[in-house]
Amino acid sequence: MVDKKEVQNAENPEIYESQQMTDEEVFEGVMACLRRNDRVAFREEFFKNHTFVQAQIYLNLEFADRQLVHEFLEPQELAEIYDIIDDEDESLILAFLNEMNDEYSAVVLGEMYTDNAADILNDLKPEKMRTYLRLMPKARADELKVLMNYGDETAGGIMTTEFVSIKANQTIRSAMTLLRAKAENAESIYYLYIVDDDNRLVGVLSLRDLILSEGHVLVSDVMSSRVISVDVDEEQSQVARTIKDYDFFAIPVVEATGELLGIITVDDILDVMDDEAMADYSGLAGVDVDEQYESPSKSAKSRLPWLITLLCLGMGTSSLISQFEGMISEVATLSLFITLITGTAGNAGTQSLAVAVRKLALPDDQSTSLFSMIMREIVTGLLCGAITGLTIMLIVGFWQSNFVLGAVVGIAMLCAITVANLAGSLIPILMDRLGFDPAVASGPFITTLSDLTSVLIYFTIAAQFLPLLM
């Protein structure tokens, strides 16, 4: 059986050669050329690698080495590297642009894909942004200004204007000629978009259908008029779900009149899905996980509001426990199981929260209603609570030789887990109804809230059995 990877490597010997070398060897080979100030050797060694590898090499260079690279590479070549750099490294690009002269930086931005360049320009200081736009060709600057006006998390904010559109009355032969002329500057050529004289989207033609059709056939005869598109103001999370549902490589973006404005490619959607996942994870953790790139003071500033809020909520738990000091002094062993009950209930509430947030993130999934989900969590809480409560009742009963105490802890565990499960489901749903991000109902918040309710449940039940416990 022939290995597909071996065939690909045989057809691309430079890629194969790069794969045989470690990252360190590749980097050292490029650095050796830089140290010799050998432009020809550097370009030969550097361009042996995939663009992703080139980007990693560039990101790991020191200031002096980057200055030399800027001399050795044309702005158009550096633009290809910047296009592939991940969003989390975008802040580095802002710093790198300041290391170049403004004319060089302007050309780099002008040669990048419009969606990527617009994102970077929006993050620049206003005076710097205006400088770069002034140094670009007017048509390119105007194109970027349009994209920069759309919301960051909308279809318009992540779309690119580099695509291929054709007319329905063209022949396949003329469409192929047009494609060859525009392909170099297009971000994606897997789909050709058919527009009318007013630039309204009327159809789509895949690259496969274009290649397989006879040259004299009209585009209108082979195109598909059932086009899935997204509105320019649609939220990026909904766009991601549409591309995922239809398994597209790209999707057209239109305004209310149906005019074709741009396309969104699957690589941008992968970034969106990553951002959405990180946002949900940050919410569940009660912290911005991307703060690793910030200074300690900024990290502390972002964490403190949550910590202070949870501290105040935690003080409520402490105050509640103080109300039962008399009971604890009479039956001291009750204090042994406070953290056990609160911790287990908090874990159960966090599990329920994760399920609820996931459900709310998939509004198109109508397999179960929200009411059914809540009932399922209640039943799940009862089952988990019953089994956990029975287990701890037997353990405490044998350990303390007091099955009444075991029953108190077990019943409290059952009730605490059930209430925590219910809270983990209801709170994110309530926040979603109020227009807030349900992920903000973070794990730490649910855990702290569960501590409060669990303590109240535990001592309320213990009070009913106090004569027997004494």
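# Group meeting: a walk through the predicted model

Strands E5 and E6 run antiparallel to each other and are joined by 5 bridges.

On the E4 side, E5 covers residues 250–254, and the two strands run parallel, joined by 2 bridges. Valine 230 is set opposite valine 253 of E5.

How many of the residues of E5 are buried? The count is 5 of 5, so the strand is mostly covered, going by the cut-off of under 20% relative accessible area. Ala250, Pro252 and Val254 point one way from E5, while Ile251 and Val253 point the other way. Both sets are buried.

Let me step back to the whole protein. Of the contacts with a separation of 6 or more, 68% are between residues 24 or more positions apart.

The largest nonpolar core holds 59 residues, and Tyr82, Leu121 and Ile264 have the most contacts inside it. Helix H3, residues 23–35, gives the most to this core, with 5 residues. The core draws at least three residues from domain 1, 23–148, and at least three from domain 2, 163–274. Another core lies apart from it, with 29 residues, among them Met327, Ile328, Met413 and Ile457.

Back to Leu121 for a moment. Not counting residues up to four places away in sequence, leucine 121 touches Leu109, Met129, Tyr132, Leu133, Met136, Leu144 and Met148.

Another residue to look at is leucine 147. Where does leucine 147 sit? Its place is in helix H12, which covers residues 138–148. Leucine 147 counts as buried because its relative accessible area is 4%. Beyond its neighbours within four places in sequence, it is in contact with Thr114, Asp115, Ala118, Gly156, Met159 and Thr161. Glycine 262 is 115 residues away from leucine 147 in sequence, yet the C-alpha to C-alpha distance is 9.8 Å.

Now a helix with a buried side. Helix H14 runs over residues 172–182, and its buried residues are Ile172, Ala175 and Leu179. Why do these three lie on the same side of H14? They cover an arc of only 55° around the axis, and therefore they share a side. On the face of H14 turned away from the buried side are the exposed residues Arg173, Arg180 and Ala181. The buried residues of H14 are covered by elements including strand E1 (165–167), strand E2 (191–195) and strand E3 (201–206). Helix H15 (207–212) and helix H16 (219–222) are also part of that cover.

I end with two residues in loops. Asparagine 199 is in the loop between E2 and E3. Asparagine 199 has a positive phi of about 65°, although it is not a glycine. Is asparagine 199 buried, partly exposed or exposed? It counts as partly exposed, because its relative accessibility is 26%.

The other is serine 401, in the loop between helix H22 (370–400) and helix H23 (403–433). Serine 401 is not a glycine either, and its phi is positive, about 55°. With a relative accessible area of 66%, serine 401 is exposed.

How values were computed. Residues are numbered from 1 along each chain as its sequence is written. This is a predicted model: local features need pLDDT of at least 70, side-chain atom pairs count only at pLDDT 80 or more; totals for chains, interfaces and linings use all residues. Side-chain values use heavy atoms; hydrogens and water are left out. Helices (H or I, at least four residues) and strands (E, at least two) are DSSP runs, numbered from the N terminus. Buried means under 20% relative accessible area, exposed over 50%, partly exposed in between (1.4 Å probe, protein chains only). Contact means heavy atoms within 4.5 Å. Two strands pair if DSSP finds at least two bridges between them. A nonpolar core is a set of buried Ala, Val, Leu, Ile, Met, Phe, Trp, Tyr and Cys residues joined through side-chain atoms within 4.5 Å. Domain bounds come from an automatic or database domain assignment. The arc is that of the directions from the helix axis to the C-beta atoms.
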